[in-house]
Amino acid sequence: MFQTLYSYFWWERLWLPANLTWADLEDRDGRVYAKASDLYITLPLAFLFLIVRHLFETYVATPLAGLLNVKEKVRLKATPNAVLEKFYAATSKHPKQADVEMLSKKSGCTVRQVERWFRRRRNQDRPSLLKKFREASWRFTFYLIAFIAGMAVIVDKPWFYDLREVWKGYPIQSMLPSQYWYYMIELSFYWSLLFSIASDVKRKDFKEQIIHHVATIILISFSWFANYIRAGTLIMALHDSSDYLLESAKMFNYAGWRNTCNNIFIVFAAVFIITRLVILPFWIMHCTVVYPLDLYPAFFGYYFFNFMMVVLQSLHIFWAYLIIRMAQKFITGKVVEDERSDREETDNSEEEEEAAKNGPLSNGHPVLNNNHRKTD
């Protein structure tokens, strides 16, 4: 049964145009072609990336955070409470008002104390500023190096300037060593992102991030199998062109350099919109949808590749919406921050406790109020 599934999976009509077989893509006469077995190396390389990332975050990003004066907010810890902790872990981190009143009776705390406990407990689970900075530093470093390397791989190629050259002679297109390593490194990196996504900073677009990583891995792998390498290198370089700008903006945001962050963000927004909403759909996707049909009839691989491109483009539209919202805040003078971030809840507990004991505070001193009740 396994052999049957294997045969169906590698059926030439799925991957190659009509009248072509895998035998046509065997190495000969000095020509070297992409092979599915080449991608096995990406899994150990992905784990190597995780090791390199840990070392980078420990010995490079952390000292850099110190130099940029990245400071942690003081977080007040929730006092140990078995009843509240059980509800928090098993039921909900955001109890409804009825739940709060029920927990107040069970735990012996006031309603206000229960609300404060959940607020502090949620803040404890939120990632620290240093963790966010280290992640952004790692991704900035990779995306910048990948973009420079990607441009070095494609800038001197004829298909960089004339997209019809992408399909010239397809699929009998020999693979270059630079293309091999560009593919292996990019695919390994996205595998490492998928492996670490559960432990990374969790944002509101968590599901979209998973879809993006999976779609990217499938798209890179498929383009390798079907020898869509020229198109694949263009697509990867296009994506890397804006990602490092976003990560650098995050780094300066965490360091408190608001003006620098906002200026970089505006540049990022412009590059993102131009590359993802203009160049990708109207140049690159036009190249992958229209030009191949001049050479061969559409086949399954053609439809599958372009379907995955549509999935990525849909995610780009979603993220462009968030970016435009952030740009509007910048233009109107509001602080620009990541729309995907889970904002930390403010906790005025010390003032609340002082007010509960001594009355409202005025300039740090209690104001006499005979009608104020102790609620804590």
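Residues are numbered from 1 along each chain as its sequence is written, and side-chain values rest on heavy atoms, with hydrogens and water left out. Because the model is predicted, local features require pLDDT of at least 70 and side-chain atom pairs count only at pLDDT 80 or more, whereas totals for chains, interfaces and linings use all residues.

The secondary structure of the protein chain consists of 14 helices and two strands, taken as DSSP runs numbered from the N terminus (helices, H or I, at least four residues; strands, E, at least two). Of its 376 residues, 44% count as buried, that is, under 20% relative accessible area with a 1.4 Å probe and protein chains only. The accessible surface, from the Shrake-Rupley method with a 1.4 Å probe, comes to about 20400 Å², and 62% of that surface belongs to carbon and sulfur atoms. Among contacts (heavy atoms within 4.5 Å) with a separation of 6 or more, 78% are accounted for by residues 24 or more positions apart.

The second largest pocket holds about 690 Å³ of space, and of the 25 residues that line this pocket, W10, A36, S37, L39 and F225 are the closest to its centre. A pocket is here an open set of points, on a 1 Å grid over the protein atoms alone, where a 1.4 Å probe fits and protein lies on both sides within 12 Å along at least five of seven lines; lining residues have an atom within 4 Å of a point. Grid points are joined across faces, edges and corners, and the volume is the space filled by probe spheres set on the points. Helices α1, α2, α3, α9, α10 and α13 each supply at least two residues of the lining, with the largest share, five residues, coming from α10. The lining divides into 20 nonpolar, three polar and two charged residues.

Helix α13 (300-331) also contains H316, which is buried, with a relative accessible area of 0%. Not counting residues up to four places away in sequence, H316 touches H239, F272, R276, L277 and L280. The side chains of H316 and H239 make a polar contact at 3.1 Å, while the C-alpha atoms of H316 and F272, 44 residues apart in sequence, lie 8.8 Å apart in space. F265, placed in helix α12 (residues 258-289), is likewise buried, with a relative accessible area of 3%, and is 9.1 Å from M326, C-alpha to C-alpha, across 61 residues of sequence.

Key:
Ala, Val, Leu, Ile, Met, Phe, Trp, Tyr, Cys and Pro count as nonpolar, Asp, Glu, Lys and Arg as charged, and the others, Gly among them, as polar. Buried means under 20% relative accessible area, exposed over 50%, partly exposed in between (1.4 Å probe, protein chains only). A polar contact is a pair of N or O atoms within 3.5 Å; within protein, one must be able to donate a hydrogen and the other to accept it, and residues adjacent in sequence count only if both atoms are side-chain atoms.
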